[in-house]
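These are my notes from an afternoon with one protein chain. I kept to what I could look up, entry by entry.

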Amino acid sequence: MKRSVHFLSVYFFSMSSKMQESFKQRLLKGDALFGIYISFSVPSLVEMFSQCGFDWLWLDFEHAGTSLETMQTMLASMNGSGCASLVRLPWNDIVWIKRVLDLGPDGIIIPMVNSRKDIQSAIQACRYPPEGVRGVGAGRASGYGLNLKEYLATANRKLVVVCQVETAEAVANIEDMVQEEGVDAFLIGPWDLSGSLGHLGDLEHPSVQEAIDKVVSACAKANKPLGIQAGNPAKTHHYMAKGMTLMATGADCALLGAAVKKHVADCRACPASSPA
């Protein structure tokens, strides 16, 4: 009985500690954070995924056909879930950064970051003066203006900024890029990286893996959190063994598509479905 009580005490203390720590605190501490890429612009789907146990959801503007209004509803659907929201921008652009941050995500993912100068430009756009040039707006992030003063006082330090490494140029510059204090983590985009290296879609090509290892080494030396679009549990574990912690473990479309195909195949496997 005493052992059971002790186990429950440890369990609930652990859960309570996780709930008290912010996503950013856990990221910078080096916790393993499991997320999933969301391609569908469907708020109810986002709401469901946010309640499935993931630490974060990767919501997308770069490749998904999502409007600003729908993204705002998707973010609101995650309220109370305990799951963090990271929104990928379509580009490293001051106007897009401003508009997305006003929607109130926990953080942003900036694609195609190739140099330290690119990072500095993004950080300036993310931060209010005097640390940056972000303009003030009364959007969802500040409770539509109801909590504006509190938001302005805390936004610069609470926001999570993740920069994607997905080109040969970025890999060549990575040792300089990791020295920039304003970025919280890096995230490897293996598909575009493979294309940039001349091996589109061949993620296992030695050149691609060598580039990934170079990024791993640079981030480890600078104590910068690193993640990757792993795609499945096996690859997630593979890259975690290299020291990565910000893990995009799969995609909504891939999981749903595979589940539906298996469901149909299982139904057709029933003897009663075969012609007499």
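Which residue in S7 is the bridge partner of Phe186? I looked it up and found Leu226. I note at the start that this is a predicted model.

**Entry: the strands**

Strand S6 covers residues 185-188 and strand S7 covers residues 226-229. They pair in the parallel sense, over 3 bridges. I also looked up Leu187, whose bridge partner in S7 is Gly227.

From Gly227 I went on to the next strand, S8. Gly227 stands opposite Leu246 in S8.

Then I asked how many strands close into a barrel. I found 8, in the order S1-S2-S3-S4-S5-S6-S7-S8, with parallel pairing. Ignoring direction, neighbouring strands of this sheet are turned by 25 degrees against each other on average.

I checked helix H6 against the sheet. H6 packs on the sheet and touches strands S4 (107-110), S5 (160-165) and S6. The direction of H6 makes about 155 degrees with that of S5.

**Entry: two helices**

Two packed helices are described by the angle between their axes and the distance between the axes. I looked up both values for helix H8 (residues 168-177) and helix H10 (residues 206-222). The angle is about 10 degrees, and the axes are 9 Å apart. An angle under 35 degrees counts as roughly parallel, so H8 and H10 are roughly parallel to each other.

Which residues of H8 and H10 meet? On the H8 side I listed Val171, Ala172, Ile174 and Glu175. On the H10 side I listed Ala211, Lys214, Val215 and Ala218. Sorted by class, this contact of H8 with H10 has 6 nonpolar and 2 charged residues, and no polar ones.

**Entry: empty space**

Rolling a probe the size of a water molecule over the atoms shows where empty space is left.

The largest pocket has a volume of about 1300 Å³. It is lined by 42 residues, and the closest to its centre are Ser22, Phe23, Cys83, Ala84 and Asp106. Helix H1 (2-20), helix H2 (23-29), strand S3 (84-88) and H7 each give two or more residues to this lining. I asked which element gives the largest share of the pocket lining. The element is H7, with 6 residues. By class I wrote down 16 nonpolar, 15 polar and 11 charged residues for the pocket lining.

About 60 Å³ of space lies in the largest cavity. Among the residues lining this cavity are Lys24, Ile123, Cys126, Arg127 and Asp184. Helix H6 (116-126) and helix H7 (148-158) each supply at least two residues of the cavity lining. The cavity lining divides into 5 nonpolar, 2 polar and 3 charged residues.

**Entry: backbone exceptions**

Most residues other than glycine have a negative phi, and most peptide bonds are trans. I looked for exceptions to both.

Where is Met112 found? It sits in the loop between S4 and H6. Met112 is not a glycine, yet its phi is positive, at about 50 degrees.

The peptide bond from Pro129 to Pro130 is cis, with omega near 10 degrees. I placed Pro130 in the loop between H6 and H7.

Definitions and conventions:
Residues are numbered from 1 along each chain as its sequence is written. This is a predicted model: local features need pLDDT of at least 70, side-chain atom pairs count only at pLDDT 80 or more; totals for chains, interfaces and linings use all residues. Side-chain values use heavy atoms; hydrogens and water are left out. On a 1 Å grid over the protein atoms alone, a cavity is a set of points where a 1.4 Å probe fits but cannot get out, and a pocket is an open set with protein on both sides within 12 Å along at least five of seven lines; lining residues have an atom within 4 Å of a point. Grid points are joined across faces, edges and corners, and a volume is the space filled by probe spheres set on the points. Helices (H or I, at least four residues) and strands (E, at least two) are DSSP runs, numbered from the N terminus. Ala, Val, Leu, Ile, Met, Phe, Trp, Tyr, Cys and Pro count as nonpolar, Asp, Glu, Lys and Arg as charged, and the others, Gly among them, as polar. Two strands pair if DSSP finds at least two bridges between them. Axes are lines fitted to C-alpha atoms, for helices over the stretch in contact, and angles run from 0 to 180 degrees between N-to-C directions. Contact means heavy atoms within 4.5 Å. Angles under 35 degrees count as roughly parallel, over 145 as roughly antiparallel, 65 to 115 as roughly perpendicular and the rest as oblique.
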